[in-house]
Number of protein chains: 2
Amino acid sequence: MSASVKDVAAKAGVSVGTVSNVLNRPEKVSPDTVERVHAAIDELGFVRNDAARQLRAGRSRSIGLIVLDVGNPFFTDVARGAEDRADGEGLSVLLGNSDESIDRERAYLDLFEEQRMGGVLITPLGDDLSRLARLRDRGTPTVLVDRQTDDASFSSVAVDDVAGGRLAVEHLLALGRRRIAFVGGPSSLRQVVDRLAGATEAVEAAVANGTEATIEVVATDSLTVLQGRSAGEALRGRSRGDWPDAVFAANDLLAMGLLQAFSMLGTVRVPEDIALIGYDDIDFASAAVVPLSSIRQPSALIGHTAVELLLREAAGDSGSGPQQVVFQPELVVRQSTVGLDLS
Amino acid sequence: MSASVKDVAAKAGVSVGTVSNVLNRPEKVSPDTVERVHAAIDELGFVRNDAARQLRAGRSRSIGLIVLDVGNPFFTDVARGAEDRADGEGLSVLLGNSDESIDRERAYLDLFEEQRMGGVLITPLGDDLSRLARLRDRGTPTVLVDRQTDDASFSSVAVDDVAGGRLAVEHLLALGRRRIAFVGGPSSLRQVVDRLAGATEAVEAAVANGTEATIEVVATDSLTVLQGRSAGEALRGRSRGDWPDAVFAANDLLAMGLLQAFSMLGTVRVPEDIALIGYDDIDFASAAVVPLSSIRQPSALIGHTAVELLLREAAGDSGSGPQQVVFQPELVVRQSTVGLDLS
DNA sequence: GGTGACGGGTGAAACGACTCAGTGCGTGCG
DNA sequence: CGCACGCACTGAGTCGTTTCACCCGTCACC
């Protein structure tokens with residue numbers, strides 16, 4: 001079908017080795033040979049076959065990134081950060097979407113391992129990292145993204161989600177809110193569990209200080225706008241006395257959905273009836289019906305750092321071993337918790 | 001480093017051909033041989049080397065999707081649609097982000113061609129399709145996504161953007177708005193040009209019917225929230241008499257940015273001062289400060305259909321040749337144009 | 001004039017999976 | 001008994017690129 005180095009070599013009247021040199025180390029070849037070869041390449045429409053190249057090299061020059069949800073701007077920001085860093089290294093980033101499904105995650109991991117990817121960045125589902133450990137041990141550098149782990153054998157870059165949860169709920173408590181609802185799920189996501197843990201800590205600390213405060217959990221199946229809307233409708237449907245006075249959503253997508261449900265019939269006023277805070281501080285948060293308070297994570301920096309760690313891991317041997325980087329989240333206050341007081 | 005079929009064959013006491021058969025046509029191998037081979041595979045941690053496989057096969061079992069902006073929910077919806085359809089065929093979709101940059105688009109095209117991808121779906125930049133024609137002619141099935149073309153040699157799936165633009169502006173005119181601003185750019189994007197063309201048509205038709213109406217263009221560098229905000233600030237900064245009474249944004253991201261700028265200081269009321277309509281009807285549109293009127297495109301269906309056309313093209317020979325599918329857009333009316341009258 | 005270095009080039013081997021023409025071997029049929 | 005047939009399996013050849021040991025002429029130097 002398509003031309004190979006051999007065809008190019010024949011047409012240019014040189015050997016295949018020389019063609020390869022022209023492609024990879026042109027400075028080792030005399031200028032006019034280079035030119036002849038390039039002419040042959042153009043004429044034949046030759047395109048390097050990456051499969052053969054990789055087969056020989058043993059590894060691919062791409063790195064795979066598996067995220068929980070491509071529809072979530074937080075992850076696309078992470079991806080962009082990763083791309084930026086990888087570009088500088090001549091690496092390509094290929095994006096896979098696990099969609100919070102273990103099966104899809106596994107499918108992508110298998111694909112990436114079969115492709116002998118130069119490395120894998122992943123926001124893993126669940127707590128079982130044994131597959132990833134195997135992948136890593138078989139020689140594919142692996143970095144955990146947006147996920148802390150006590151397993152020090154992994155490189156990881158994450159944000160302190162417990163601190164983030166605490167930050168959110170302390171803010172709500174400081175505003176005088178006492179009946180907090182945490183909306184999020186599934187509990188197989190570490191992010192959800194940690195943010196809830198932080199939230200609970202904050203409530204318990206308040207109680208220990210004599211403040212009457214409670215937290216309830218409203219579970220969702222995933223972290224999407226749609227699930228947020230359902231949860232919001234459920235809350236709205238309660239008798240008014242059973243409403244919480246503040247909601248902490250596990251991410252901004254949920255929060256946006258909650259906001260849609262709350263504002264749709266005008267029954268629930270935000271923040272007067274219920275204060276609302278999300279997590280991630282995606283671009284859309286500030287443009288919401290009621291601009292959304294949120295916990296900001298340095299998303300692009302996370303992607304950037306993940307590639308950094310990956311490169312370090314790939315370089316291998318040189319000292320340090322796996323590293324865990326943890327960033328601190330930041331509270332962003334907008335109208336969904338404090339109303340118009342600020343502006 | 002890692003085990004190959006040869007190692008597996010040795011350990012299981014069979015030939016490499018048999019191992020290959022176990023992997024690809026297990027029904028042709030006796031049950032206990034299958035079992036012995038599987039045992040060997042597990043023991044050695046053997047993982048198929050996709051590069052070798054592809055080299056032999058000549059083509060990859062992945063298809064590449066190049067979009068203008070992964071941060072735009074419209075495109076992630078398209079991607080999801082494509083994945084769903086591809087899954088059923090045992091194909092993987094790998095996502096590349098051109099970020100409206102010709103260079104990045106070219107880099108991904110080169111990468112995908114070197115990988116001998118099973119096919120490429122692309123939302124191309126600019127008007128020069130010659131590179132794509134070459135790619136296609138060299139044997140990589142190629143489908144244009146979200147892009148109409150008069151070049152009937154390409155398969156494509158698109159939405160009638162001219163009709164969409166007309167729809168949007170006819171809606172604004174019907175509401176009594178007369179001084180329309182179109183916000184969008186760059187003009188290298190066909191989507192932008194077509195939507196503007198439709199908008200202009202609608203205005204001209206109105207004028208021909210004796211209605212005094214004008215349209216001005218506010219150019220942006222890209223279709224992002226940030227650019228929308230800048231454009232919004234520019235409009236807001238004008239003396240009040242120079243405000244348009246309606247804005248048609250080339251997509252929802254821009255519209256969200258405009259909305260942020262308009263509502264930030266409360267100077268511009270939407271829709272009282274300026275009615276605002278976007279394009280794409282992304283999930284966030286309905287949760288905006290003022291729920292956003294928009295032009296809906298069947299995003300997942302677009303992705304789905306694109307893969308469908310790709311498969312047809314790959315099957316080749318069988319009759320029909322390239323196909324152009326065009327969907328019709330749909331007007332979605334919300335408060336950003338009509339205010340609270342509806343609810 | 002022999003030696004060595006060097007620039008420019010050669011071509012066979014290797015990477016790992018898949019394919020396909022063969023090879024035994026047992027069975028059934030005439 | 002001879003033959004054809006099917007089944008299970010074999011193993012060399014192939015895909016396209018890179019690498020590496022080797023070759024050849026030229027030039028500088030002692």
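Visitor: Which element gives the most to the surface near DNA strand D?

Guide: This is a predicted model, in which local features need pLDDT of at least 70, side-chain atom pairs count only at pLDDT 80 or more, and totals for chains, interfaces and linings use all residues. Residues are numbered from 1 along each chain as its sequence is written, while chains are lettered from A and ligands numbered from 1 in the order in which they are written. A residue is near a strand if its C-beta atom, placed from the backbone, lies within 6 Å of it; helices (H or I, at least four residues) and strands (E, at least two) are DSSP runs numbered from the N terminus. With 5 residues, the most comes from α2(A).

Visitor: Which residues come nearest to DNA strand D?

Guide: At least two residues each are supplied to this surface by α1 (5-12), α2 and α4 of chain A and by α2 and α4 of chain B. Out of 24 residues around DNA strand D, those that come nearest are A:Val5, A:Ala52, B:Ser15, B:Gly17 and B:Thr33.

Visitor: Which element gives the most to the surface near DNA strand C?

Guide: There are 23 residues around DNA strand C, and A:Ser15, A:Gly17, B:Ser4, B:Val5 and B:Ala52 come nearest. At least two residues each come from α2 (16-24) and α4 of chain A and from α2 (16-24) and α4 (50-57) of chain B. The most, 5 residues, is given by α2(B).

Visitor: How many residues does chain A bring to its contact with chain B, and which element has the largest share?

Guide: Two residues are in contact if their C-beta atoms, placed from the backbone, lie within 7 Å. The contact takes 39 residues from chain A and 39 residues from chain B. On the side of chain A, two or more residues are given by each of α4 (50-57), α5 (73-87), β2 (92-97), α6 (102-114) and α11 (252-264). The largest share, 5 residues, is that of α4(A).

Visitor: Within what arc do the buried residues of α3(B) fall?

Guide: A residue is buried if 20 or more other C-beta atoms lie within 10 Å of its own, exposed if 12 or fewer, and partly exposed in between, with C-beta atoms placed from the backbone. In α3(B) the buried residues are B:Val37, B:Ala40 and B:Ile41. Taking directions from the helix axis to the C-beta atoms, these residues line one face of the helix because they fall within an arc of 100°.

Visitor: Which elements do the buried residues of α3(B) pack against?

Guide: The face turned away from the buried side carries the exposed residues B:Pro31, B:Asp32, B:Asp42 and B:Glu43. On the buried side, the partners in chain B are α1 (5-12) and α2.
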